[in-house]
Amino acid sequence: MSPRPIRIRKVSKPPVVSGFKPFGNKNTEKNKSVFLHYEEYEALRLCDYEMLNHHQAAVLMDVSRPTLTRIYSRARQKIAEALVDGKSIIIEGGKIYFDSDWYMCENCGCNFNHPVKTEEIKFCPLCKSNKITNIELGEEYDENYKPRCDDICICPECGYEQPHQPGRPCKNEICPQCNNRMVRKGTPHSRKFNY
Amino acid sequence: MKIAITSTGNSLESKLDQRFGRCAYFIIYDTETKGIEIIPNPNKDVEEGAGPASVNLVASRNVKKIVSGAFGVKIKSLIDSLKIQMIVLKETDKTVQDIIDMLNK
Ligand SMILES: [Zn+2]
Ligand SMILES: [Zn+2]
């Protein structure tokens with residue numbers, strides 16, 4: 001097995017506000033708002049503000065590419081809904097989350113964050129070496145990285161098996177032999193082939 | 001200062017546990033008193049929410065740093081917001097004692 005590439009989420013900017021309110025629409029009811037989850041905000045920020053591609057954004061968020069695409073389209077749909085229907089937007093975690101800078105120690109190989117921004121960091125907290133480098137975007141993702149998992153999709157009709165693609169529901173997979181929808185191996189629907 | 005180290009066993013000869021939320025034990029080391037506290041992780045086998053529950057556990061001991069093999073994305077944000085430093089050592093054979101020795105250097 002090849003070693004897993006080091007993946008650390010990039011320094012992320014917390015949302016600066018907790019939400020947005022529409023103006024000029026007197027018909028807007030108070031409780032009509034869309035709730036933007038933190039990961040949706042983050043996907044929008046990475047894809048549309050930082051202009052990263054979906055692969056890069058997926059790596060930074062530590063999710064599979066299909067999952068990132070799903071989060072991202074949900075985010076766009078919510079923003080569109082707010083614009084079109086005159087709803088306000090509430091951003092989850094607007095005040096809670098923040099990501100500090102991450103560093104790598106060349107001496108002991110550890111990675112660490114630096115949560116106290118007011119103090120300068122010069123030494124590795126573990127081995128006290130001063131050979132530390134700030135982990136920048138670009139060094140931290142590996143183009144060849146593909147999320148792996150050991151799950152198997154199985155066709156409940158003919159028993160055909162294929163490796164499960166993380167982030168892609170098995171039922172979206174079509175059996176190449178008999179064109180049935182597939183299921184996750186080991187679940188009750190696939191029982192027929194578990195013995 | 002207190003530092004939590006995720007451990008595969010209940011002794012200092014145990015290896016660093018690569019998981020945070022579902023590690024077998026937390027070993028809490030106090031750099032001032034050199035005291036050791038060994039806590040079996042009650043969240044080891046829970047279905048959901050092991051990460052946040054483990055964060056609460058170590059945060060309640062006033063830990064300022066955590067040494068482990070990996071932290072999930074959401075957990076990173078949570079730990080970050082508590083101003084606790086995360087030290088990630090991947091694929092290591094180091095024992096808890098090795099790590100304490102490094103911290104004492
Ligand atoms: Zn180091
Ligand atoms: Zn089939």
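Colleague: Is A:Cys178 buried, partly exposed or exposed?

Modeller: In this predicted model, A:Cys178 has a relative accessible area of 30%. Buried means under 20% and exposed means over 50%. A:Cys178 therefore counts as partly exposed.

Colleague: Which residues coordinate the zinc ion (ligand 2)?

Modeller: The donor atoms are SG atoms, at 2.2 to 2.3 Å from the zinc ion (ligand 2). In sequence the donor residues follow the spacing C-x2-C-x16-C-x2-C. They are A:Cys155, A:Cys158, A:Cys175 and A:Cys178.

Colleague: How many residues apart are A:Cys158 and A:Cys178, which link distant parts of the chain?

Modeller: A:Cys158 sits in the loop between β7 (152-154) and β8 (161-163) of chain A. A:Cys178 lies in the loop between β8 and β9 (183-184) of chain A. A:Cys158 is partly exposed, with a relative accessible area of 32%.

Colleague: What is the arrangement of the four donor atoms around the zinc ion (ligand 2)?

Modeller: The donor atoms subtend angles of 101 to 117 degrees. Four donors count as tetrahedral if all angles lie between 85 and 135 degrees. The arrangement is therefore tetrahedral.

Colleague: In chain B, what distance separates the C-alpha atoms of B:Tyr25 and B:Ile5?

Modeller: B:Tyr25 belongs to strand β2 (residues 25-30) of chain B and is partly exposed at 22% relative accessibility. Leaving aside residues up to four places away in sequence, B:Tyr25 touches several residues, including B:Ile5, B:Ile38 and B:Pro40. B:Tyr25 and B:Ile5 are 20 residues apart along the chain, and their C-alpha atoms are separated by 8.4 Å.

Notes: Residues are numbered from 1 along each chain as its sequence is written. Chains are lettered from A and ligands numbered from 1 in the order in which they are written. This is a predicted model: local features need pLDDT of at least 70, side-chain atom pairs count only at pLDDT 80 or more; totals for chains, interfaces and linings use all residues. Side-chain values use heavy atoms; hydrogens and water are left out. Donors are N, O and S atoms within 2.8 Å of the metal (3.2 Å for Na, K and Ca); water is not among the atoms, so sites may look incomplete. Four donors count as tetrahedral if all angles lie between 85 and 135 degrees; four count as square planar and six as octahedral if opposite donors are over 155 degrees apart and all others between 65 and 115; anything else is irregular. Helices (H or I, at least four residues) and strands (E, at least two) are DSSP runs, numbered from the N terminus. Buried means under 20% relative accessible area, exposed over 50%, partly exposed in between (1.4 Å probe, protein chains only). Contact means heavy atoms within 4.5 Å.
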